[in-house]
Amino acid sequence: MAEEDTEAQPTTAIVVLGEAMFFKPQAHVISITLFQREQFRDALDQMAVHDSLDTMHVVVKTSELDALYDPEAIKEFYPCLKVGAELAVHVIVGENETPGEEDGSIVRTSLVLAGLRVQDESMGADGSRILTAIKPGEVGDDDEDEEESSGDEDNS
């Protein structure tokens, strides 16, 4: 176990839901392909430690969003993200598919409910979407600092 503690932790995770794409992993990247919705929540178990990821991508086809994307699972990834880390959800429109009208709102809501701050939502010409959120906070922030700030505002 001591050896595991000293090894460099991956700083990027890519979770592919279904057949959205093929990704050849690199040594410093966690790459997971899942075919069951129930697996999404536990995708990073045993693979990432708390505050270790700078970037995380979730990739899913619009036709598989309802079947594989678990909005409740996003909050399970929150502890693994460093403060300021970026989580991007890519909803890809495949051939002969049309984008779902609610795809963006489902993903956006899941990011917000997980405690992330949505920074950007971009849409490709084919209707594919990328929603990007960051883990809020600043290095060195703690509850005591927030209480002091709140107290100062109340006394003004």
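The dialogue below walks through a predicted model, feature by feature.

Me: Where should I begin with the sheet, and in what order do its strands lie?

Reply: Strands of a sheet pair through backbone hydrogen bonds, and they do so either parallel or antiparallel. In this model six strands form an open sheet in the order E2-E1-E3-E4-E6-E5, and the pairing is mixed. The edges are strand E2 (29-34) and strand E5 (117-123), each of which pairs on one side only. From one strand to the next the twist averages 15°.

Me: Which strands pair in the parallel sense with E1?

Reply: E1 and E2 pair in the parallel sense over six bridges, and E1 also pairs in the parallel sense with strand E3 (residues 53-61), again over six bridges. To follow this on the model, find Val16, whose bridge partner in E2 is Thr33, and then Leu17, which stands opposite Val60 in E3.

Me: And what about the other end of the order, where E5 and E6 lie: do they run parallel or antiparallel?

Reply: E5 and strand E6 (residues 129-134) run antiparallel and are joined by six bridges. One place to look is Val118, which stands opposite Ala133 in E6. Helix H5 (residues 103-113) packs on the sheet, where it touches strand E4 (81-92), E5 and E6, and the direction of H5 makes about 10° with that of E6.

Me: How can I tell whether strand E1 is enclosed, and how many of its residues are buried?

Reply: A residue counts as buried when its relative accessible area is under 20%. Six of the six residues of strand E1 (residues 12-17) are buried, so the strand is largely enclosed by the rest of the structure. Thr12, Ile14 and Val16 point one way from E1, while Ala13, Val15 and Leu17 point the other way, and all are buried.

Me: Which residues have the most contacts inside the largest nonpolar core?

Reply: That core has 32 residues, and those with the most contacts inside it are Phe40 and Leu44. The elements giving two or more residues to this core are E1, E2, E3, H3, H4, E4, H5 and E6, and E4 gives the most, with five residues. Phe40 deserves a careful look: leaving aside neighbours within four places in sequence, Phe40 is in contact with residues that include Val15, Leu17, Leu34, Val58 and Ile74.

Me: How do I read a pair of aromatic rings, and how many such pairs does the structure hold?

Reply: A pair of aromatic rings is described by the distance of the centres and the angle of the planes. The structure holds two aromatic pairs. In one of them, Phe40 and Tyr69 lie 5.6 Å centre to centre with 45° between the planes, and the pair is tilted. This pair links distant parts of the chain, with Phe40 in helix H2 (residues 37-40) and Tyr69 in the loop between helix H3 (65-68) and helix H4 (74-77), 29 residues apart. The rings of Phe40 and Phe77 have centres 5.3 Å apart and planes at 65°, so that pair is edge-to-face. Here too distant parts of the chain are linked, since Phe77 belongs to helix H4 and is 37 residues from Phe40. Ring pairs therefore link Phe40, Tyr69 and Phe77 into a cluster.

Me: Where is Ser128, and which residues does it touch?

Reply: Ser128 is in the loop between E5 and E6, and Ser128 is buried, with a relative accessible area of 15%. Not counting residues up to four places away in sequence, Ser128 touches Val91, Ile92, Val93, Ser122 and Met123.

Me: How far apart in space are Pro136 and Gly84?

Reply: Distance along the sequence and distance in space should be read separately. Pro136 and Gly84 are 52 residues apart in sequence, yet they are 5.8 Å apart in space, C-alpha to C-alpha. Pro136 is found in the loop between E6 and helix H6 (143-155), and at 23% relative accessibility Pro136 counts as partly exposed. Among the residues in contact with Pro136 is Tyr78, and over the ring of Tyr78 sits the charged end of Lys135, 4.5 Å from the ring centre.

Conventions
Residues are numbered from 1 along each chain as its sequence is written. This is a predicted model: local features need pLDDT of at least 70, side-chain atom pairs count only at pLDDT 80 or more; totals for chains, interfaces and linings use all residues. Side-chain values use heavy atoms; hydrogens and water are left out. Two strands pair if DSSP finds at least two bridges between them. Helices (H or I, at least four residues) and strands (E, at least two) are DSSP runs, numbered from the N terminus. Axes are lines fitted to C-alpha atoms, for helices over the stretch in contact, and angles run from 0 to 180 degrees between N-to-C directions. Contact means heavy atoms within 4.5 Å. Rings of Phe, Tyr and Trp (its six-membered ring) pair if their centres lie within 6.5 Å; planes under 30 degrees apart count as stacked, over 60 as edge-to-face and the rest as tilted. A charge sits over a ring if NZ of Lys or CZ of Arg is within 6 Å of the ring centre and within 35 degrees of the ring normal. Buried means under 20% relative accessible area, exposed over 50%, partly exposed in between (1.4 Å probe, protein chains only). A nonpolar core is a set of buried Ala, Val, Leu, Ile, Met, Phe, Trp, Tyr and Cys residues joined through side-chain atoms within 4.5 Å.
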